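Work through these exercises with the structure open beside you. Try each task before you read its solution.

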Amino acid sequence: MIKIDADRLLGDLRRLSEFGKYETGVDRTAFSAEDIAARQWLAGRMEEAGLTPQFDRYGTVLGRSGKGGKAVLLGSHTDTVPRGGWLDGALGVIYGLEVARALAEAGSDAAIDVISFQDEEGTFLPCLGSKSFCGFLEEAELAAGARADGLPLASVLPLEGMPDRLVTLDPARHVAFLEAHIEQGPRLITTDIGLGLVTGIVGIRRFRISASGEANHAGTTPMSMRKDAGASLIRLAAELLEKMPEWGTAESVWNIGAIEFRPGAPNVVPAEASLVFEYRDLSDAVIARVEAKMREAVAAREAADPVTYAIAPMGKVDPLAMDPGLQAAFAATAERLDYRFMTMPSGAGHDAMIVGKCVPAMMMFVPSIGGRSHDVTENTADSDLIRGCEYLANATNDLFASGWVAGRG
């Protein structure tokens with residue numbers, strides 16, 4: 001049984017939360033002064049733990065173990081959304097640091113590397129650090145990267161004091177990536193189960209659906225003679241929401257999070273209207289089926305109403321299953337420790353969906369109080385924070401002790 005230092009774990013989590021502290025949460029967006037200061041502090045803690053910290057030009061920091069041979073990489077990200085929570089991303093990084101320390105103190109020869117990726121939250125470019133780490137970052141993406149207010153990514157680079165190099169995956173060394181995270185949802189907390197073992201990270205599709213009609217006076221144009229883009233789009237939106245339960249599965253989620261009428265005046269029939277439709281699922285087949293059904297619904301609405309429609313894809317993320325061998329190993333550790341757990345998909349994106357394309361990846365969740373995240377109310381009970389880290393330390397150690405790590409490659 002690997003034991004962690006609970007006071008050290010909680011102390012590091014709370015110290016990290018001081019960088020960019022905002023009310024009960026954190027405002028530590030990527031490339032901000034607070035973000036860079038937090039990464040420099042983290043590098044110091046890595047060094048104290050016997051790891052060698054290495055920064056790259058984006059601010060990703062990798063703590064490399066001095067132990068040779070095959071290594072397991074643990075981590076996540078320390079950047080946050082604006083006025084976000086104190087655990088999203090930070091939990092996985094500090095868990096990785098504590099696991100590395102706990103295994104070393106237990107006399108283990110396990111090589112544990114720890115990483116904090118840059119800009120997972122997409123302040124400038126989603127998963128910038130993990131994409132760069134895996135060699136997936138394209139020049140066109142870098143050139144287009146920008147903050148919501150229009151500030152280009154290029155304007156914050158190069159980072160002062162950071163080396164002009166890249167930290168990259170070492171395929172001869174890194175045989176797995178493990179990412180711990182808060183659930184960011186209500187399933188664990190409402191079932192009183194303290195551990196979620198992730199089966200996969202959902203794929204995401206996002207579309208802007210636009211209707212074009214004809215503007216006219218809302219008081220003088222008879223209803224039968226209107227080419228009302230807004231009314232047509234509302235009917236379409238209702239159909240999408242009504243049909244999604246049969247098009248998707250019990251695990252599918254969907255949202256219409258933005259809708260706009262133009263010219264947007266109460267006494268003008270809308271000439272143009274648009275909505276943004278997003279859905280998520282673990283299955284490629286389900287994702288494809290929903291898109292086909294959505295397009296059929298749009299075509300049918302266009303045929304029924306005196307307007308024309310256009311569909312523009314806005315975003316695409318493919319689903320990624322967690323490694324079956326790691327899923328089995330994590331379940332075996334939970335059973336050995338007599339920890340109750342739930343298997344579940346991740347409805348949110350994570351760095352693991354990038355790194356998992358290169359090496360076997362696995363995620364675990366701890367409960368989120370109230371199911372809240374990306375908000376200053378985000379929190380997890382100390383007992384769950386401690387128990388989750390203890391579990392990860394043992395699950396990681398079991399990968400080495402069972403020969404799983406030695407058998408890779």
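This is a predicted model: local features need pLDDT of at least 70, side-chain atom pairs count only at pLDDT 80 or more; totals for chains, interfaces and linings use all residues.

**Exercise 1**

Which residues does R173 touch, not counting residues up to four places away in sequence?

Step 1. List the contacts. R173 touches R64, S65, K67, G68, G69, K70, A71, A111 and D113.

Step 2. Find the place in the chain.

Step 3. Look for a polar partner. The side chains of R173 and D113 are joined by a polar contact of 2.9 Å.

**Exercise 2**

How many salt bridges does a search of the whole structure find? Find what R8 pairs with, and say where the two partners lie.

*Solution.* Start from the general idea. Side chains of opposite charge can pair when their charged atoms come close.

Step 1. Take the total. The search of the whole structure gives 25 salt bridges.

Step 2. Pick out R8. Its salt-bridge partner is E98, and the closest N and O atoms are 2.9 Å apart.

Step 3. Locate both ends. R8 belongs to helix α1 (residues 6-16) and E98 to helix α3 (residues 90-105), so this pair ties together parts that are 90 residues apart in sequence.

Step 4. Check burial. R8 and E98 are both buried.

**Exercise 3**

Examine two salt bridges, R39 with D35 and R45 with E48. How many residues apart are the partners in each pair?

*Solution.* Step 1. Begin with R39 and D35. Their closest N and O atoms are 2.8 Å apart.

Step 1. Count along the helix. Both residues lie in helix α2 (residues 33-48), four residues apart, or about one turn of the helix. R39 and D35 are both buried.

Step 2. Turn to R45 and E48. Here the closest N and O atoms are 2.5 Å apart. R45 and E48 also lie in helix α2, three residues apart, again about one turn of the helix.

Step 3. Join the pieces. R45 and E48 belong to a network of salt bridges that also links R8, D12, E98, R101 and E105.

**Exercise 4**

*Solution.* Step 1. Pair the strands β9 and β13. Strand β9 (residues 203-212) and strand β13 (residues 272-281) are antiparallel, with ten bridges.

Step 1. Read across to β13. F277 stands opposite F207.

Step 2. Pair β9 with β14. Nine bridges join β9 to strand β14 (residues 308-317), and these two run antiparallel.

Step 3. Read across to β14. The bridge partner of F207 there is P313.

**Exercise 5**

How many aromatic pairs does a search of the whole structure find? Describe the pair of F31 and F124, then the pair of F117 and F133.

*Solution.* Step 1. Take the total. The search of the whole structure finds eight aromatic pairs.

Step 1. Describe F31 and F124. They form an edge-to-face pair, 5.6 Å centre to centre, with 85° between the planes.

Step 2. Locate them. F31 lies in the loop between β2 (25-26) and α2, and F124 in the loop between β6 (111-117) and α4 (128-134), so the pair ties together parts that are 93 residues apart in sequence.

Step 3. Check burial. F31 is buried, at a relative accessible area of 10%. F124 is buried too, at 6%.

Step 4. Describe F117 and F133. This aromatic pair is edge-to-face as well, 5.4 Å centre to centre, with 70° between the planes. F117 is in strand β6 and F133 in helix α4, 16 residues apart. Both are buried.

Step 5. F117, F133 and F177 form one aromatic cluster.

**Exercise 6**

Which span does helix α11 reach, and how many of its residues are buried?

*Solution.* Step 1. Take the length. Helix α11 (residues 382-401) has 20 residues.

Step 1. Compare the spans. From first C-alpha to last, α11 reaches 28 Å, close to the 28 Å expected at 1.5 Å a residue.

Step 2. Count the buried residues. In α11, 15 of the 20 residues are buried, and the helix is mostly covered.

Step 3. Look past the end. G403 follows α11, and its phi is positive, near 90°.

Key: Residues are numbered from 1 along each chain as its sequence is written. Side-chain values use heavy atoms; hydrogens and water are left out. A polar contact is a pair of N or O atoms within 3.5 Å; within protein, one must be able to donate a hydrogen and the other to accept it, and residues adjacent in sequence count only if both atoms are side-chain atoms. Contact means heavy atoms within 4.5 Å. The expected span of a helix is 1.5 Å times one less than its number of residues. Buried means under 20% relative accessible area, exposed over 50%, partly exposed in between (1.4 Å probe, protein chains only). A salt bridge is a side-chain nitrogen of Lys or Arg within 4 Å of a carboxyl oxygen of Asp or Glu. Two strands pair if DSSP finds at least two bridges between them. Rings of Phe, Tyr and Trp (its six-membered ring) pair if their centres lie within 6.5 Å; planes under 30 degrees apart count as stacked, over 60 as edge-to-face and the rest as tilted.
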